[in-house]
Amino acid sequence: MQGIYFPILSEYPMILTLVGLIAGGLLTLLVGTKSERGARFLAALSLLGALSLNIILLFRVIDVGSVQHDFVWLGSETNIIMNLGFLGDGLSTPVAILIVGLGLFSIIYSFDYMKDLNRPGLYYSLMVWFVAAMVGVVYAINLLQFFVFYELMLLPAFLLIYVYGESEEAVEREKNALQFWVWTAAGGIISLFAVFMVWGVVMQDATFLSSLGSASPIDINALYSYSFSVDVARLIGVVFLVGFGIKLGLVPLHIWAPQTYREAPIPVLVLLSGAMTKTAAYGVIRIVIPLFMNALTALSTGLLAISLITMFYGAILAIAQKDLKMMLAYSSISQLGYLMFGYSSMTIIGANGAAFQLINHGILASLMFFCAGAIKMKTSTMEFDRLGGLAPKMPVLATIFIVGALALAGTPPLSAFAGEWMIFAGAAERAVLGTVGQPYYLILTLFGVIATGLTAGYYLWAVRRVFFGQVPESLTGVSDGPRVVILIGAIMVFFVITLGVYPALLWNIVGPVISALGLLGGGV
C-alpha cells in the first residue's frame, strides 16, 4: 500500500510531535498570562498539529512497517551506553493517536467545562505537557527512556489535580492530589527497579553485549533477542506487573484511583482514565509480554483471578454509586480488569484482544465521561436522585450515551465486542492448551463472561435513572448538550460503530505487531 508522504513531516513526525507539544505548551503558558482565548487557541493548535503528524506517521507505518530514529545519548558510536530514540509501528502509533486525539478533545471540551479559569495559561499548558509525556512513553525505544517519560507525566497530572480539582476545600484537593502522586510514583519506582534488574542481568552477558552493534544494553528491541532464565524472567516480570498494575488501577493496587477520579475535572479525568492508564497497559504489551510471557505462564491462573477480582470489584461498586461520575470511575477500574484478563491468558489472541480493548476503552471511557460532564453542565448535578427523564430534552446526548453504554457492555456490532471476544477466546485457548491449573481456566473464563452481564446491568440502570422516568421539576427547562460536546461525541461514536462493524480496520494495523511480540515470549 502506498502511503501519504510529506518531506520532513513523514521522516521525523515523532520528534516534531514532541518538540511541537513542548514548545506549544510553553507558548500557551506565556500567552495565557495575558489572554485565556490565546491560551485555548495555542493549546488546541499544538494538539491538532501533533494529531496531524501522527496520522501522517500512521500512513507511513502502514506503508513501510515501522519508523525509528535513535541517537547516542550516553557513550560513543563504538561504546554505546544509552540511546535516545523513537519508534513508530503498528502498536505505538495508534496508541499515540488515541492519546493525542483525547488530548485535543479534552482541550476543546475545556472551553465550555472549565470557564472562568484561574491561571488559564497554566491549565492549558499542563494539559499539553501531560499529553507530550504520555506520547513520549509510547515512542520510547529503551527502558530508561520509557521510565523517564513514564514519571514525567505525573508532574502535570499532579498539578492539574492539585490546582484545578473540583473539591471546594483546598485541603481535600491537596490530600487527593498527594495520594495520586505517592501511589503512581511508587508504581514508577517499582518499574524502575525492574529496569535495573534487567540492566544487571544483561551487563553480565559478554556475548549479548558484543552482539548489540549500535544498540544500547536496554534497548527494548535488542532485549527481545536476549534469553533470560525462567526464574529471573518470572521475578522481573512480576516486578514489572506490580509497577504497571498500580498505574492501571488493578485491585488491590487501585487505592489512588477512586478519590483521584472524584477530584479531577472531566477533561483531566478523560486523560487520566482514557490515556494515562493506557501507557501502563502499553508497557505490559511492549515489555512484559515479549520478554517474560513464557516464564509467567505458570502464574497465569493467579493473574487471571486478580483480573477477575478487578472486574467484579469495579462492577459491584459501580452498581452501588449514587453519582454518575463515580459510577463511571468504578466502571473504568472494572474495564481495565478485562485488559489484564487478556494479558493474563498468556496467549497471542488474548494479547491481541487486550491491545484492541486498550484502544476501545480509551475511546469509550472518555466518551462516557464527556457525556457525564455535559449532563452536569446542563443540570448542575451528576447525582442519580436529582436526574431523570432527560431523553426527550437531550435526545442527541442520550443517544450518544446509550451507544457508549451498549458498547462497554460488549454489545455487537459495537467496538468492544471484538476485543472482549478475543480476550475470552485467549482464556479458553489456555484452558485447552494449559497443563498447570487447566481445570480452572474454563471456570475463570465463565466468570469473566458473567462480569459482562454486570456491566450491562449497571449501564442500563444508569440509562434508566438519567434519561427515563419522571423529570424533576428543577430540570424542566433543560436542553440538549452543548454543541461542542455533541460534535466530540458524534466523532467518537463514529469510531465505536466503525470499529465494531469492521474491527479488521484496527486489527490489521495492531495485530501483526502483537502477534510478533507474543511469539517472542522470553524466559527460556
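**Ground rules.** I number residues from 1 along each chain as its sequence is written, and side-chain values use heavy atoms, with hydrogens and water left out. Because the model is predicted, local features need pLDDT of at least 70 and side-chain atom pairs count only at pLDDT 80 or more, while totals for chains, interfaces and linings use all residues.

**Salt bridges.** I looked up the salt bridges (a side-chain nitrogen of Lys or Arg within 4 Å of a carboxyl oxygen of Asp or Glu) and found seven in the structure. Side chains of opposite charge can pair when their charged atoms come close.

I began with E36 and R40, whose side chains meet at 3.3 Å, N to O. They sit four residues apart in helix α2 (residues 36–64), so about one helical turn separates them. Helices here are DSSP runs (H or I, at least four residues), numbered from the N terminus. For cover I use relative accessible area: buried is under 20%, exposed is over 50% and partly exposed is in between (1.4 Å probe, protein chains only). E36 is partly exposed at 23%, and R40 is partly exposed at 22%.

Next came K247 and E151, which form a salt bridge at 3.3 Å, N to O. This pair links distant parts of the chain, with K247 in helix α10 (residues 230–248) and E151 in helix α5 (residues 143–152), 96 residues apart. K247 counts as buried because its relative accessibility is 0%, and E151 is buried at 18%.

Then I checked E166 and K376, which meet at 3.6 Å, N to O. They too connect distant parts of the chain, 210 residues apart: E166 is in the loop between α6 (154–164) and α7 (170–202), and K376 is in helix α15 (residues 348–379). E166 is partly exposed at 28%, as is K376 at 27%. I noted that a network of salt bridges links E166, K325 and K376.

**Helix α12.** I found a bend of about 60° at I289, with a proline, P290, following within four residues. That bend is the angle between axes fitted to the seven residues ending there and the seven starting there. Of the 31 residues in α12, 30 are buried.

**Backbone.** I logged a cis peptide bond from V251 to P252, with omega near 10°; P252 lies in the loop between α10 and α11 (257–263). Another cis bond runs from P412 to P413, with omega near 5°. I also saw positive phi in M346, near 55°, and in S380, near 70°. M346 is buried at 6%, whereas S380 is exposed at 59%.

**Q357.** I found Q357 in helix α15, buried at 3%. Its contacts (heavy atoms within 4.5 Å) include Q335, L339 and E420, not counting residues up to four places away in sequence.

Terms used
Helix = DSSP H or I, 4+ residues; strand = E, 2+ residues; numbered from the N terminus.
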